[in-house]
Amino acid sequence: MADETKIAIADSFRILAQSNSLSKITVQEIAKKAGVSRHTFYYHFRDIYALTEWIFESEGSQVIADYKKLNNWKEGLERACRYALDNRVLVIRIYHSDYQKNIIMFFQNVIKSIISNIIEMEFSHIIVKPKEKEILLDFYTFGCVGILCNWLSNNMEEDYHMILDKLHTIIHGSVKDVLLRFSGEKV
């Protein structure tokens, strides 16, 4: 029941965000649209920021879960970009608002999970120190997120397939090369 209420609140926020600036949406409006009291809203979320955080955390975890069934990182990133396009108005409004951190965290979590899974599934035989693996994860995560943030700041006008093709050119083979160099093996 609690999840259903959270989903109803999130759906109400989404509907309101389609036609309103996020700074103009109030907890009272969201609660009314969801058919719950303000008290119920606050029972589930401390504020609208926490609501947007929950939306992207829960939906991000679904993208990550779906990725584990896919064949490669490019498909995982494509799912994340398609998610953003499917929720274009909400994502753009959030990106251009005080809630921007939540959409950035969505992409960071998805991308870091994807790259981490690649390392574990394809390159587990290459032994590197955990700190070195973390640096590699951060480098590719923040690089990819930076490029995707540029796409978001331009209101997703560029075809994301072209962006993913460029990222693929950069990343393909380089993760293995970096891991080999960290391990001391010849590349």
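The structure is a predicted model, in which local features need pLDDT of at least 70, side-chain atom pairs count only at pLDDT 80 or more, and totals for chains, interfaces and linings use all residues. Residues are numbered from 1 along each chain as its sequence is written, and side-chain values use heavy atoms, with hydrogens and water left out. The chain holds ten helices and zero strands; helices (H or I, at least four residues) and strands (E, at least two) are DSSP runs numbered from the N terminus.

**Overall form**

- Along the principal axes, the C-alpha atoms of the chain fill a box of roughly 65 × 35 × 25 Å.
- Of the 187 residues, 44% count as buried; buried means under 20% relative accessible area, exposed over 50%, and partly exposed in between (1.4 Å probe, protein chains only).
- Among contacts between residues at least 6 apart in sequence, 71% join residues at least 24 apart, where contact means heavy atoms within 4.5 Å.

**Nonpolar core**

- The largest nonpolar core has 62 residues, and those touching the most other members are Phe13, Ile30, Leu51, Ile103, Phe106, Phe107 and Trp151. The largest share of this core, ten residues, comes from α7.
- A nonpolar core is a set of buried Ala, Val, Leu, Ile, Met, Phe, Trp, Tyr and Cys residues joined through side-chain atoms within 4.5 Å.
- Apart from neighbours within four places in sequence, Leu51 is in contact with Ile9, Ala10, Phe13, Ile30, Phe41 and Phe45.

**Packing of α6 against α7**

- Helix α6 (residues 88-95) and helix α7 (residues 100-122) pack at an angle of about 115 degrees, and their axes are 7 Å apart. Val91, Ile94 and Tyr95 of α6 and Gln100, Ile103 and Ile104 of α7 make the contact.
- The axes are lines fitted to C-alpha atoms, for helices over the stretch in contact, and angles run from 0 to 180 degrees between N-to-C directions.

- The buried residues of α2 include Val27, Ile30, Ala31 and Ala34. Seen down the axis of α2, its buried residues fall within an arc of 95 degrees, so they line one face of the helix; the arc is that of the directions from the helix axis to the C-beta atoms.
- Gln28 is found in α2 (residues 27-34) and is partly exposed, at 44% relative accessible area.
- The side chains of Gln28 and Arg38 make a polar contact of 3.5 Å. A polar contact is a pair of N or O atoms within 3.5 Å; within protein, one must be able to donate a hydrogen and the other to accept it, and residues adjacent in sequence count only if both atoms are side-chain atoms.
- Gly35 follows α2 and has a positive phi, near 75 degrees.

- Arg14 lies in helix α1 (residues 2-19) and counts as buried because its relative accessibility is 14%.
- A polar contact of 2.9 Å joins the side chains of Arg14 and Asn87.
- Thr52, in helix α4 (residues 48-67), is buried, with a relative accessible area of 0%.
- A polar atom of the Thr52 side chain lies 2.8 Å from the backbone oxygen of Tyr49.
- Leaving aside neighbours within four places in sequence, Thr52 is in contact with Phe13, Ile94, Tyr99 and Asn102.
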